[in-house]
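Look at the sequence and the structure below. The report that goes with them is in short sections.

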Amino acid sequence: RDVNMKKFRRRKLDPFNDVLVITTCDFHDERGFFSEHYNKKEIEMLTGTSIDFVQDNFSSSKKGVLRGLHFQSEPYSQEKLLRVIHGEILDVVVDLRTQQETFGKWASIVLSDINNEMLFLPSGFAHGFLCLSTCAQVHYKCSNYYNKNSEKTLIWSDKFLNIDWQEKSLIDDFYISEKDQNGLSFDRLREAGLLF
């Protein structure tokens with residue numbers, strides 16, 4: 001079936017073939033609207049993979065909060081399906097898969113509670129976001145449980161990656177946790193064999 005005829009539509013997030021932007025459809029009437037946010041069969045058909053999401057996470061951030069760039073190393077790596085429930089974020093992903101043509105490349109997308117877009121992220125990526133609105137609430141499903149010992153942080157300001165956070169005038173006012181401020185550089189993670 002044509003994906004454009006379904007409740008869910010997809011497009012690729014350039015330059016990646018397997019990072020997908022999935023759009024959901026709202027059904028409106030005089031009462032308000034209804035939207036199906038997750039359907040295992042539909043999502044597996046769109047992604048081409050069987051996924052067993054085992055953990056749901058929810059975060060709330062104020063404007064200028066930067067979270068990331070986070071990932072879990074093997075064997076606890078995670079596929080994620082992420083959406084913004086309220087507000088707006090700049091979402092950033094980095095390919096850490098050493099055997100892929102897109103290794104070391106990054107991409108960003110603005111997700112909000114208005115554009116009805118979710119982001120599907122395969123394992124092997126670092127992920128983070130910057131809150132652009134007064135407040136942003138983010139919900140994401142994970143295919144593996146949180147494991148403290150495998151949790152890693154790629155520094156958000158890595159010089160090799162040179163990520164454009166699009167809010168350069170606010171960089172000095174970013175709210176970043178101590179853990180994220182002490183993230184490792186891309187080169188250091190590669191030298192330590194912590195990539196995929």
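The sections below cover the model, a sheet, the nonpolar cores and some backbone features.

## The model

This is a predicted model, in which local features need pLDDT of at least 70 and side-chain atom pairs count only at pLDDT 80 or more, while totals for chains, interfaces and linings use all residues. Residues are numbered from 1 along each chain as its sequence is written, and side-chain values use heavy atoms, with hydrogens and water left out.

## The sheet

Five strands make up an open, antiparallel sheet, ordered β9-β8-β11-β6-β13. Strands are DSSP runs of E with at least two residues, and helices are runs of H or I with at least four, numbered from the N terminus. Two strands pair if DSSP finds at least two bridges between them.

β9 (106–112) and β13 (151–153) are at the edges with a single partner strand each, so one side of each has no neighbour in the sheet. Strand β6 (residues 66–72) is joined to β13 by three bridges. Gln 72 has Glu 151 in β13 as its bridge partner.

## The cores

A nonpolar core is a set of buried Ala, Val, Leu, Ile, Met, Phe, Trp, Tyr and Cys residues joined through side-chain atoms within 4.5 Å. Buried means under 20% relative accessible area, exposed over 50%, and partly exposed in between (1.4 Å probe, protein chains only).

The largest core has 22 residues; Leu 69, Val 94, Leu 96, Leu 154 and Trp 165 touch the most other members. β6, β8 (88–95), β11 (125–131) and α3 (186–191) each give two or more residues to this core.

## Backbone features

The peptide bond from Gly 68 to Leu 69 is cis, with omega near 10°, and Leu 69 is in strand β6. Asn 116 has a positive phi, near 60°, and counts as buried at 15% relative accessibility.
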